[in-house]
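Trainee: I would like to go through the terms used for this chain and see what backs each one.
Mentor: Then ask about them in turn.

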Amino acid sequence: MPDASPTKWHRAHTTWFFEQFLLVPHLPGYQVFRSAIRVSVHSYYVAAGPRHARPQRGMLTRPDVAQVGAYRTHVDKAVERLLAATDEVRLGQVLRILEIGMHHEQQHQELLLTDILHVLRRIRSHDL
């Protein structure tokens with residue numbers, strides 16, 4: 001199904017969301033993890049730069065699961081630094097973006113379940 005995505009893509013995409021919309025604009029000196037990963041896991045937001053074709057997400061072989069894990073660790077640590085360093089004047093704005101990111105991640109958890117159910121249904125239909 002063209003809209004189905006690999007599990008690792010969902011995790012990397014939500015990580016990209018936090019990096020793109022929270023860390024890059026709000027954590028001075030933040031260094032993006034790897035530019036190549038950013039393009040491959042970005043397929044929605046036209047205004048956010050180059051992106052991978054949405055119907056082709058299922059064809060991605062990179063980043064691999066280990067790279068996605070390293071990416072998430074890098075971003076999680078940076079989010080912790082941001083929260084610790086943000087003054088009260090900016091904290092409200094940072095927390096609003098963080099909350100949007102968490103809702104976005106929840107949406108992708110639901111999409112991931114849909115993708116899994118789709119694959120299982122296809123496997124079952126072939127077994128009959």
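Trainee: In which helix is isoleucine 116 found?
Mentor: Isoleucine 116 is found in helix H4, residues 88–127. Helices here are DSSP runs of H or I with at least four residues, strands are runs of E with at least two, and both are numbered from the N terminus. This is a predicted model, in which local features need pLDDT of at least 70, side-chain atom pairs count only at pLDDT 80 or more, and totals for chains, interfaces and linings use all residues. Residues are numbered from 1 along each chain as its sequence is written, and side-chain values use heavy atoms, with hydrogens and water left out.

Trainee: How many helices and strands does the chain have?
Mentor: It has four helices and zero strands, and the pattern along the sequence reads α-α-α-α.

Trainee: Why is isoleucine 116 called partly exposed?
Mentor: Its relative accessibility is 38%. Buried means under 20% relative accessible area, exposed means over 50%, and partly exposed is in between (1.4 Å probe, protein chains only). The value of 38% falls in between, so isoleucine 116 counts as partly exposed.

Trainee: What makes aspartate 115 buried?
Mentor: Aspartate 115, also found in helix H4, has a relative accessible area of 7%. That is under 20%, therefore aspartate 115 is buried.

Trainee: Which side chain does aspartate 115 join in a polar contact?
Mentor: The side chain of histidine 10, at 2.8 Å. A polar contact is a pair of N or O atoms within 3.5 Å; within protein, one must be able to donate a hydrogen and the other to accept it, and residues adjacent in sequence count only if both atoms are side-chain atoms. The 2.8 Å value is within the 3.5 Å limit, so the pair qualifies.

Trainee: Which residue forms a salt bridge with arginine 72 at 3.0 Å from another helix?
Mentor: Glutamate 105, with the closest N and O atoms 3.0 Å apart. Glutamate 105 lies in helix H4 and arginine 72 in helix H3, so the pair ties together parts that are 33 residues apart in sequence. Salt bridges that share partners join Arg72, Asp76 and Glu105 into one network. By this rule the count is two salt bridges.

Trainee: Which residues touch the most other members of the largest nonpolar core?
Mentor: Of its 16 residues, these are Leu22, Leu23, Leu27, Tyr30, Val75, Val79 and Leu82. Helix H1 (7–26), helix H3 (65–85) and H4 each give two or more residues to this core. A nonpolar core is a set of buried Ala, Val, Leu, Ile, Met, Phe, Trp, Tyr and Cys residues joined through side-chain atoms within 4.5 Å.

Note on methods
A salt bridge is a side-chain nitrogen of Lys or Arg within 4 Å of a carboxyl oxygen of Asp or Glu.
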